[in-house]
Amino acid sequence: MKCKKLVAVLLSCLFLVVMAGCGNSGEKPAADGAKKAGGKKIGVAMPTQSSQRWIQDGKNMKEKLEKLGYTVDLQYAEDDVQAQVSQLENMITGGANCLVVAAIDSNALVNVLAQAKSNNIPVIAYDRLLMDTDSVSYYATFDNKGVGVAIGKYIETKMGLKEGKGPYNIEFFAGSPDDNNAHFLNAGVFEVLKPYLDKGQLVCVSGQTKFDTICTLRWSQEVAQKRMEDILSGYYSTGKNLDIVVSPFDGISYGVAAALEGAGYKVGQKWPLITGQDAELMASKNIMSGKQSMTIFKDTRVLADKCVKMVQAVLEGGQPEINDTTSYNNKKKMVPSYLCTPVPVDKENIQKELIDSGYYKKTDLQ
Ligand code: GAL
C-alpha cells in the first residue's frame with residue numbers, strides 16, 4: 001500500500017516537471033529574450049551630439065536594446081574626455097551589466113575600463129576601437145581602411161587618374177589623432193593615391209601629407225576650416241586652383257567648403273571635388289547641390305544591430321557574428337570584430353542608397 005502511494009506521488013511529480021518544461025518550450029524566442037534581459041542594465045557611452053550620426057547611433061542602440069527588454073543608460077560626453085570617464089564610472093557604480101563605448105579619446109579609458117573588468121562588466125567597443133586595454137570583448141565597426149580606399153578610388157575614377165590625367169592640385173585632411181579609425185582611413189586613402197603623388201598626377205601644393213600635419217583634433221569642423229583658410233591664403237592666393245580636397249568626415253567637409261567660399265570659390269565654377277564620410281543629412285543635401293562630391297554611407301542601423309547581438313552574446317551566452325579576427329589589435333589583444341560594409345554615395349546613387357533604403361525621406365533632401 002505504502003509502495004503504491006509512493007509511486008503515485010512520484011508520477012504526479014514527474015507530470016508537473018514535464019508540464020513545466022512544455023510551458024517553457026511554448027514561449028516565443030523574443031519573449032524569452034526579453035525575460036532573460038529583464039532588469040539588466042546597459043550603459044551606452046557616446047562621444048558627442050554635435051554631429052548627427054552619433055545622435056542616430058545612440059537612438060538606434062537605445063531603441064533596439066529596450067525592445068529586447070534591457071534598461072538603457074545612454075550618455076553623451078560632448079567631446080569632453082573627463083566627462084566620458086565620469087559617465088562610465090557612474091554606469092559602473094550604478095550597476096551596469098554591460099558597457100557599450102564609442103570613445104572620445106580611445107587611449108584615455110584604460111583605468112575606467114579596468115574598473116569595469118574588475119566588476120565583471122563586459123565592454124563592447126562601438127565604431128571606435130578601445131586601445132591599450134584587455135577589458136574589451138568585441139568591436140562593432142565599419143571597415144575603416146575600406147572607407148579610405150573607397151575615398152581614394154572615388155578620386156582615382158572621377159579624375160581619370162588611371163588614364164593618366166592630371167596634374168591636379170590636392171589637399172589632405174585626416175581625422176582625430178586619438179581615434180584609431182582616423183589612422184586606418186588615412187592609410188586606405190594613401191594606399192590608393194600615393195602612386196599618383198609620386199608620379200606627379202596629384203600635387204599637394206602645401207606639401208602637407210604626413211598624418212601629423214593633416215590630422216584634425218576631435219574631427220572638428222572649426223579646426224578644419226581654419227586649416228583650409230591658412231592653406232588657401234598661404235599656397236593658393238597666387239592663382240593656383242585647388243582641384244581636390246580629401247575630407248574624412250562630413251563635418252570636416254563643411255569647414256572646408258566654408259573656407260573655399262570665403263576665398264571666393266563658387267560651386268559649379270572650378271569648385272574642387274570634396275569627399276566626406278557619414279552621409280549626414282546636410283552632406284547629402286550638399287551632394288545634391290554640388291557643394292560636396294561624395295560621402296561614405298555607414299548605415300548606423302546595421303551597426304547597432306551587430307552591436308546589440310554582441311551585448312546579447314556577452315550577457316546571455318552564445319557567439320555573436322564576427323567577420324574579422326586579424327585587423328584590430330589594440331596593443332593588448334586582438335579584438336574580435338564585426339566590420340560592416342561602407343558604401344560610397346554621390347549624386348548617381350543617392351536615391352538608391354539613402355532614399356530607397358529608407359535612411360532618409362526624399363523630402364528630407366529638398
Ligand atoms: C569616427 C568615425 C567616422 C566619423 C568620425 C567623427 O570615429 O569612424 O565615421 O563619425 O568619427 O564623428
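A cavity here is a set of points, on a 1 Å grid over the protein atoms alone, where a 1.4 Å probe fits but cannot get out. This is a predicted model, where local features need pLDDT of at least 70, side-chain atom pairs count only at pLDDT 80 or more, and totals for chains, interfaces and linings use all residues. Residues are numbered from 1 along each chain as its sequence is written, and side-chain values use heavy atoms, leaving out hydrogens and water.

View 1. Searching the whole structure turns up 1 cavity of 30 Å³ or more. The largest cavity holds about 50 Å³ of space, a volume being the space filled by probe spheres set on the points, which are joined across faces, edges and corners.

**View 2. The shell around the ligand.** Look for Trp-54, Asp-127, Asn-181, Trp-219, Phe-249 and Gln-277, among others, around the ligand; a residue counts if one of its heavy atoms lies within 4 Å. Domain 1 (34–136 + 300–340) and domain 2 (144–298) both contribute to this shell, so the ligand lies between them; the bounds come from an automatic or database domain assignment.

View 3. Arg-53 puts a polar side-chain atom 3.0 Å from a ligand oxygen, while for Arg-128 the distance is 2.7 Å. In the side chain of Asp-179, an N or O atom is 2.5 Å from an oxygen of the ligand. The protein covers 97% of the 300 Å² of accessible area (Shrake-Rupley, 1.4 Å probe) that the ligand has on its own.

Conventions: A polar contact is a pair of N or O atoms within 3.5 Å; within protein, one must be able to donate a hydrogen and the other to accept it, and residues adjacent in sequence count only if both atoms are side-chain atoms. On a 1 Å grid over the protein atoms alone, a cavity is a set of points where a 1.4 Å probe fits but cannot get out, and a pocket is an open set with protein on both sides within 12 Å along at least five of seven lines; lining residues have an atom within 4 Å of a point.
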